[in-house]
Amino acid sequence: MARRTIDDEDGRAALRAVQQGTPGRPEVATAVRWTLQRLAEDVPGNSVEVRVPPFAAVQAIPGPRHTRGTPPNVVETDAGTWLALATGELRWDEAVAASRVSASGSRADLAAFLPVRLPA
């Protein structure tokens with residue numbers, strides 16, 4: 001079954017609503033899913049699982065693939081932190097230092113992949 005993708009126009013509109021401070025839960029969910037989708041498209045792979053509960057999780061970053069249980073490289077954060085990282089409003093090292101991100105595993109450093117490349 002093909003994975004459902006979010007259209008760039010819908011993603012941009014949702015992200016704009018979040019950035020303007022007027023989002024509802026559906027807009028936050030769409031913005032999170034779209035930016036995670038863009039990350040996974042830009043840096044395909046299966047070595048790191050990026051989780052933004054309760055909205056979405058993706059696997060990205062080239063490297064060894066895990067097949068069972070909890071993956072060895074996991075990044076987890078809340079929606080607001082993820083969107084700030086994805087858009088460049090927050091730097092990776094600042095988020096980690098402030099404990100706004102949980103990153104475990106040798107490949108769980110996303111600094112080189114943030115901000116996420118978003119189409120204009």
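The model is predicted. The protein chain has four helices and four strands, which follow one another along the sequence in the pattern α-α-β-β-β-α-α-β. A compact globule of 120 residues would have a radius of gyration near 14 Å, and the 14 Å of the protein chain agrees with that expectation. Along the principal axes, the C-alpha atoms fill a box of roughly 40 × 40 × 25 Å. Of the 120 residues, 39% count as buried, and among contacts between residues at least 6 apart in sequence, 53% join residues at least 24 apart.

The strands form an open sheet of four members in the order E2-E1-E3-E4, with mixed pairing. Strand E2 (56-60) and E4 are the edge strands, each of them pairing on one side only. Neighbouring strands of this sheet are turned by 10 degrees against each other on average, direction ignored. E3 and E4 run antiparallel and are joined by four bridges; Thr77 stands opposite Val101 in E4. Helix H2 lies across E1 and E2 and runs at about 5 degrees to E2.

The buried positions of H3 are Ala79, Thr81, Trp82, Leu83, Ala84, Leu85 and Ala86.

| Element packed against the buried residues of H3 | Residues |
|---|---|
| Helix H1 | 8-19 |
| Helix H2 | 25-42 |
| Strand E1 | 48-52 |
| Strand E3 | 74-77 |
| Helix H4 | 92-97 |
| Strand E4 | 101-104 |

The two ends of H3 each have a local feature of their own. At the start of H3, a side-chain oxygen of Asp78 reaches to within 3.1 Å of the backbone nitrogen of Gly80, whereas just after H3, Gly88 takes a positive phi of about 85 degrees.

In soluble globular proteins, nonpolar side chains tend to be buried together. Here the largest nonpolar core has 34 residues, of which Val32, Val50, Val75, Trp82 and Leu110 touch the most other members. H1, H2, E1, E2, H3 and H4 are the elements that give two or more residues to this core, and H2 gives the most, with eight residues. When its neighbours within four places in sequence are left aside, Leu110 is in contact with Val50, Ile61, Val75, Trp82 and Trp92.

Thr35 lies in helix H2, and because its relative accessibility is 0%, Thr35 counts as buried. Which residues is Thr35 in contact with, leaving aside its neighbours within four places in sequence? They are Trp82, Leu83, Ala86, Val116 and Leu118, and of these Trp82, Leu83 and Ala86 are buried residues of H3. The side chain of Thr35 also makes a polar contact with the side chain of Trp82, at 2.7 Å. By contrast, the C-alpha atoms of Thr35 and Val96, which are 61 residues apart along the chain, are separated by 19 Å.

Note on methods:
Residues numbered from 1 in each chain as written. Predicted model: local features only at pLDDT ≥ 70, side-chain atom pairs only at ≥ 80, totals over all residues. Heavy atoms only, no water. Buried < 20%, exposed > 50% of the residue type's maximum accessible area, 1.4 Å probe, protein only. Contact = heavy atoms within 4.5 Å. Polar contact = N/O pair within 3.5 Å; in protein donor to acceptor, adjacent residues only side chain to side chain. Pairing = 2+ DSSP bridges. Axes fitted to C-alpha atoms, helices over the stretch in contact; angles between N-to-C directions. Core = buried A, V, L, I, M, F, W, Y, C linked by side-chain atoms within 4.5 Å. Rg over C-alpha atoms; globule rule 2.2 N^0.38 Å.
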